Amino acid sequence: MFIRRGNGKIAILIVYFDDIIMTGNDVSEIHNLKSRLAQEFEIKDLGSLRYFLGMEVARSDRGIFISQRKYILDFLEETGMLGCRPADSPIEANNHLSGDVREHTGKERYQRLVGRLIYLAHTPPDIPYAEGVVSQFMHDPRTSHLDAVYRILRYLKSAPGKGILFYNHGHLRLEAFTDADWAGSVDDRRSTSGYCTFLGGNLITWRSKKQSVVARSSAEAEYRAMTNGVCELLWLQTLLLDLGFADSVPMKLYCDNKAAINIAHNPVQHDRTKHIEIDRHFIKEKLNEGLICMPFVRSGDQLANIFTKGLGSKSFHPIVFKLGLIDIFAPT
């Protein structure tokens, strides 16, 4: 990414190989940057952004909508899943996928399917956890793992046009939700961390990732997830400052584990915090500086649940709606 400034005018250039997105807060500055680029390189102006790296962009008076509908439909057609029976969630609730099963399956086909899913996870935040689970078995896939991949495809079939709508909520507050599924992995008992961040009420980043070490308690697992959320908020704050946006209001980090919140506010070191001492001091420092605050959120309102575990449809779909996912192609 390249940012050009001049007298308060900003032009932003985002480059991926030979694909470029250009935006900014001043039309003349954008045109000036285009002219400078045309003097050095052969470029072609395709107008307003509509399609970029498989992502489709639609605009209306309501806001900006981003999806990967064409990519999903092409994916389903290539795999022969266009006529499949849709699933109501991408992975079974309380799934226990493990590598300790005997039925092997074709590694090459499995890796190709999961690779396509990894690329797809750029826009729909409802499949990263499921995609992260099946990607753990790419080295030695089994039949049950392939069935889980096909379930994700069946879920995508249910609403291929689902995407994220960005619109004006009247503020630019940075907020994050963090969660962890303690000892969720059957094979190594490592926990899964998940977070999602909102800017101005719109979902902008999310992640689901297995932790690198085994957590000795649920509080430790939650605390490590909180650390990831704080790092993401600080990175986004720095990016916004580079773009000319500043907000003195503390960033909110929502957590549903009171023990982890108490550890963050308690400067006393004890046995429960020795193994997360660095993370504890890091978060405490940001709390003292007033950069973040940590309000408690009920587990039923924890949006990051979708990134740490498989959920039943009654819990899954309300979270998907709160994350801002809609399907503008669905019949009204």
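How far apart are the mean positions of the 41 positive and 39 negative charges of the protein chain? They lie 3 Å apart. Lys and Arg count as positive, Asp and Glu as negative, with His and the chain ends left out. Each charge is placed at NZ of Lys, CZ of Arg, CG of Asp or CD of Glu.

This is a predicted model, in which local features need pLDDT of at least 70 and side-chain atom pairs count only at pLDDT 80 or more, while totals for chains, interfaces and linings use all residues. Residues are numbered from 1 along each chain as its sequence is written, and side-chain values use heavy atoms, without hydrogens and water.

**View 1. The whole chain.** The protein chain has nine helices and 13 strands. These are DSSP runs numbered from the N terminus: helices are H or I of at least four residues, strands E of at least two. The radius of gyration is 22 Å, close to the 20 Å of the globule rule for 332 residues, so the chain is as compact as a globular protein of that length. The radius is taken over C-alpha atoms; the rule is 2.2 Å times the number of residues to the power 0.38. Buried residues make up 44% of the 332; buried means under 20% relative accessible area (1.4 Å probe, protein chains only).

**View 2. The open five-stranded sheet.** The strand order is β4-β5-β6-β7-β13, with antiparallel pairing. β4 (51–52) and β13 (325–327) are the edge strands, each with a single partner, so one side of each has no neighbour in the sheet. Two strands pair if DSSP finds at least two bridges between them. Inside the sheet, β6 (residues 64–67) and β7 (residues 162–166) are joined by three bridges. Ile66 faces Ile164 across this pair, standing opposite the β7 residue.

**View 3. The β9–β10 hairpin.** Eight bridges pair β9 (residues 192–199) with β10 (residues 202–210) in the antiparallel sense. Cys196 stands opposite Trp206 in β10. Two residues separate the strands, and Gly200 takes a positive phi near 60°.

**View 4. Parallel pairing around β11.** β11 (residues 251–254) runs parallel to β8 (residues 174–181), over three bridges. Here Phe177 stands opposite Tyr254 of β11. β11 is also joined to β12 (residues 292–293), again in parallel, by two bridges. Ile292 in β12 is the bridge partner of Met251.

Definitions and conventions. Buried < 20%, exposed > 50% of the residue type's maximum accessible area, 1.4 Å probe, protein only.
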